[in-house]
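Subject: Structure handover

Hi,

Here is the structure you asked about. Please open it alongside this message; my notes follow below.

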Amino acid sequence: MSKLNSIAISDNGFLFKPSTGESFTTNEIGLIILNLLKEGKTHEEIINSIMEEFDVDEINAGRDLYEFLDFLKKENLID
Amino acid sequence: MMNKKIYERPVLRKVVEGIPNKFGSLKRLRPIEFIDNVSINSLIDKYGSPVFVLSEKTIRETYRSAYRAFSTRYPKVQFAWSYKTNYLDAVCRIFHQEGSWAEVVSGFEYEKALDNGISGNKIIFNGPDKSKKDLIRAIKNNSLIHIDHFDELYTIIELSKELEETPQVAIRINMDTGIIPQWDRFGFNYENGEAWNAVNRILSTGKIELIGLHTHIGTYISTSKAYEIAIRKLAELANKTYERFQTSIEYIDIGGGFASQNTLQGAYLPATDTTPSFDDYAHAITTAMIAEKFPNNIAPTLILETGRALIDDAGWLAGTVLANKRLADGNRAMVIDTGVNLMFTAFWYDHEIYPVKETSFQSEPTTIYGPLCMNIDVIRKKIDFPLLNKGDRFVIKRVGAYTMTQWMQFITYRPNIVLIDENEEVHLIRKEEDKEVFRRQELIPDHLKND
Ligand SMILES: Cc1ncc(COP(=O)(O)O)c(C=O)c1O
């Protein structure tokens, strides 16, 4: 997750990528996912911690996570 | 139990500013130096210029994200690799290792699939051109024969008697899904009742098993809605078939057609912003599959023959600048060593081309030509491009689909193709041609030989 470490992520969900000058905004769940990714958590671990904290089942949490990851990839924020 | 918080799906939005930089051009084209951490310069040094480069990592990741998109939403999903999109053996074997069956449209592709270790009952045989010999082999191997027209159907009926075997077939169906052009030259038409006639003809013989319904509504379908319409029509036919013959259709094959992230010429926005994701397609298709009631409430297997969207991103073409020119009208032109001979796709895509090394901020509207002595050999028209010099290298992105099968051998040899594996090792998977390749194919009549 070296790419994510070079990105400034603020507590209110604002992301800044110094290498390109691009910025992004995300919501609460997005922020949680980004921070867990930074900690090197696996996708399963991320899904589990979301399920623990939020009212969501595994299928939906998983589907949304993978969509989110695809988006991060598209924006070159993760590998 | 503790009260859980209300869940909201994660979102990410890009903040768009629109501040042009002081050099006038909107953004500087960043060079691409590496593919999977392998330097493009080292690949050209070793394998020559031009060279096609395939990323095994990208192929597997793309396949897995497509498979995940469907399999997390629908219980029975099977991909069949569309050979025509890229039938290099190494590529096919990667898809087969991932679990894909083979989708072939000719005796040649059929033989390739067998050689790649796929068993006959996992080969889907499509297309209008199946010889009698092809059909006999396919019947004996229990392959899934997708019938294209009545003449083929009658040949299969005859063969089922001759061979005393029960062929397993599906019919290909064309229909109006709102997509233009309608691919009505393949298969049996839905709206005019031809498809229903074919079903009747097949099942009234009692000698042929109708196990699937197939459609391929077109290629580069950028609206997932069309698939919903197709599924509704196929489901209706499946139900009608069950009511009349008590035959359950085991699978619905929705064909290929997902758009890749290459931008079509004339498109207003880049395809990376507009192309539906696998999740978008999967959502539309599986929602439609689940909404339809199939006979006995048994969900048929969903087969996908996705081609371009699974391989385009994994292919790259690296090459060298041959010359720079000024055209008569003063515009800049750059001639490169890869033309439409290797990229048929340049006729409809705006291929993305990048310098391999850092360039200055300067750029100029440039038309990029291939090396062929033909006026149609244009790779990009008037794009803002940095000033590369003769001998500088470039790389073209997303050329994995249809290039390495539709390429033509015109005035020069076809180049090496290498595969970068997941450990970043480079493998030559197709050798460049040389004059012996062509000499072997040609025969000189005695009276033209110089002794
Ligand atoms: C029958 C059939 N299946 C699958 C494909 C693959 O289509 P695509 O590359 O658009 O996914 C094609 C392409 O023409 C086809 O004709």
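Chain A puts 36 residues in contact with 21 residues of chain B. Keep in mind that this is a predicted model. About 2500 Å² of area is buried between chain A and chain B. Carbon and sulfur atoms give 52% of that area.

Now the ligand. It sits in the second largest pocket. There are 15 residues around the ligand. Thr219(B), Gly257(B), Glu305(B), Gly307(B) and Tyr402(B) come nearest. By class, the shell holds 9 polar, 5 charged and 1 nonpolar residues.

- Glu305(B) places a polar side-chain atom 2.6 Å from a nitrogen atom of the ligand.
- Gly307(B) has a polar backbone atom 2.7 Å from an oxygen atom of the ligand.
- Gly257(B) brings a backbone N or O atom to 2.8 Å from an oxygen atom of the ligand.

How much of the ligand does the protein cover? On its own, the ligand has 400 Å² of accessible area, and the protein covers 94% of that.

Best wishes

Definitions and conventions. Residues numbered from 1 in each chain as written. Chains lettered and ligands numbered in written order. Predicted model: local features only at pLDDT ≥ 70, side-chain atom pairs only at ≥ 80, totals over all residues. Heavy atoms only, no water. Near = heavy atom within 4 Å. Polar contact = N/O pair within 3.5 Å; in protein donor to acceptor, adjacent residues only side chain to side chain. Areas by Shrake-Rupley, 256 points an atom, 1.4 Å probe, with all protein chains shown as cover. 1 Å grid on protein atoms, 1.4 Å probe; cavity = no way out; pocket = protein on both sides within 12 Å on 5 of 7 lines; lining within 4 Å. Sits in = over half its atoms within 2 Å of the grid points. Nonpolar A, V, L, I, M, F, W, Y, C, P; charged D, E, K, R; others polar. Contact = heavy atoms within 4.5 Å. Buried area = accessible area lost by both parts, 1.4 Å probe.
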